[in-house]
Amino acid sequence: MDADELLQQTKALAKHIECEEKWKELEELQNKLTLTETDTLEDTGYEFSQLMTHVKALTAELNQWQKKEPELLSKNNDVLVAVGKEELQRVNKELEMVLSCCQTKNEKLNKDLKSEQKWLEEQEELLKAVTDKAAELQNEVMEFSESRAMQELKVKINKVIAYREKLLENLGEFIEEHFPLPQQQRNASKKNVPQEPTADLISLHEILELLMNKILQTPHEPYLTIDNTFWPPYVEMLLRYGVALRHPEDPNRIRMEAFHQ
């Protein structure tokens, strides 16, 4: 770098420094002006006018400084070179300080970032563990509830079966006591006329059991065919009191009334 170029850079640097100083002074006045706007109207009227006058004067002075060529400290090239080097060293030192500060801040941010990432990973692992545990507990609760419900249902079913068996037993005893099988006529009215063998009659209890099994096992076909083992008075009694119904097309078929529906 020759002396002329260094001289031009020194002039520009001196002009820039002077402009910065004036601009800082202008900003300070502007800040003061902003602060004074919060005061009462009676106190700020006169001060505001003074500040505005001062701002206008500084603005005019700043314009003059910007148009004015900076004066050289010395016409000696060695002096200018020394001043330029000193200024460049100062700027370099300030830039190095700024760089060091930025690096330190960057290292701190990286450290904080790693710490936050580690905390996030720990929270995610904790959340996953809690979610898995909650799902496991929910499954256990559901299994326990289902098992308990099944046990209660089995107990109720056993009670119903026992009650049903007890009712059937009582019904059988009642029917055997009050509706016994008829006494078959063993003596023929005429000795010379041969008797046809009579079929074994079934009891009223057996008739009811057949009708109930038929309507429960085959509800789509609940009718039972009457044969000679059914004593007609028992059949007529069941039909008369609405316990059984006759087939609309076949009188030899009956079914039990659907009391359970």
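**Notebook: pocket, helices and cores of a predicted model**

I listed 16 lining residues, and Arg164, Leu168, Met212, Asn213 and Leu216 are the closest to the centre of the pocket; a lining residue has an atom within 4 Å of a point.

I noted that this is a predicted model, in which local features need pLDDT of at least 70 and side-chain atom pairs count only at pLDDT 80 or more, while totals for chains, interfaces and linings use all residues. Residues are numbered from 1 along each chain as its sequence is written, and side-chain values use heavy atoms, with hydrogens and water left out.

**Overall layout**

I counted five helices and three strands in the chain, in the order α-α-α-α-β-α-β-β along the sequence. Helices (H or I, at least four residues) and strands (E, at least two) are DSSP runs, numbered from the N terminus. Of the 261 residues, 15% count as buried; buried means under 20% relative accessible area, exposed over 50%, and partly exposed in between, with a 1.4 Å probe and protein chains only. I also checked contacts, meaning heavy atoms within 4.5 Å. Among those between residues at least 6 apart in sequence, 61% join residues at least 24 apart.

**Helices H3 and H4**

Which helix gives the largest share of the pocket lining? I found that H4 does, with seven residues; H3 and H4 each supply at least two.

I compared helix spans, the expected value being 1.5 Å times one less than the number of residues. For H3, 102 residues should span 152 Å, and the end C-alpha atoms are 147 Å apart, which agrees. For H4, 14 residues should span 20 Å, and its ends are 20 Å apart by C-alpha atoms, which also agrees.

In H3, I recorded Leu80, Gly84, Glu87, Gly172 and Ile175 as buried. In H4, the buried residues are Leu204, Ile207, Leu208, Leu211 and Ile215. Seen down the axis of H4, these fall within an arc of 95 degrees, so they line one face of the helix; the arc is that of the directions from the helix axis to the C-beta atoms. Leu216 and Gln217 are exposed on the face turned away from the buried side. The cover over the buried residues of H4 includes H3, S1, H5, S2 and S3.

**Nonpolar cores**

I took a nonpolar core to be a set of buried Ala, Val, Leu, Ile, Met, Phe, Trp, Tyr and Cys residues joined through side-chain atoms within 4.5 Å. The largest has 14 residues, of which Leu204, Ile207, Leu208, Leu211, Phe230 and Leu238 touch the most other members. H4 (204-217), H5 (232-240) and S3 (253-256) each supply at least two of its residues, and the largest share, four, comes from H4.

Beyond its neighbours within four places in sequence, I found Leu204 in contact with Ile175, Phe179, Tyr234, Met237 and Leu238. Apart from this core lies another, of five residues, among them Leu26, Leu29, Val55 and Leu62.

**Val243**

Where does Val243 lie? I placed Val243 in the loop between H5 and S2, partly exposed with a relative accessible area of 24%.

Terms used. 1 Å grid on protein atoms, 1.4 Å probe; cavity = no way out; pocket = protein on both sides within 12 Å on 5 of 7 lines; lining within 4 Å.
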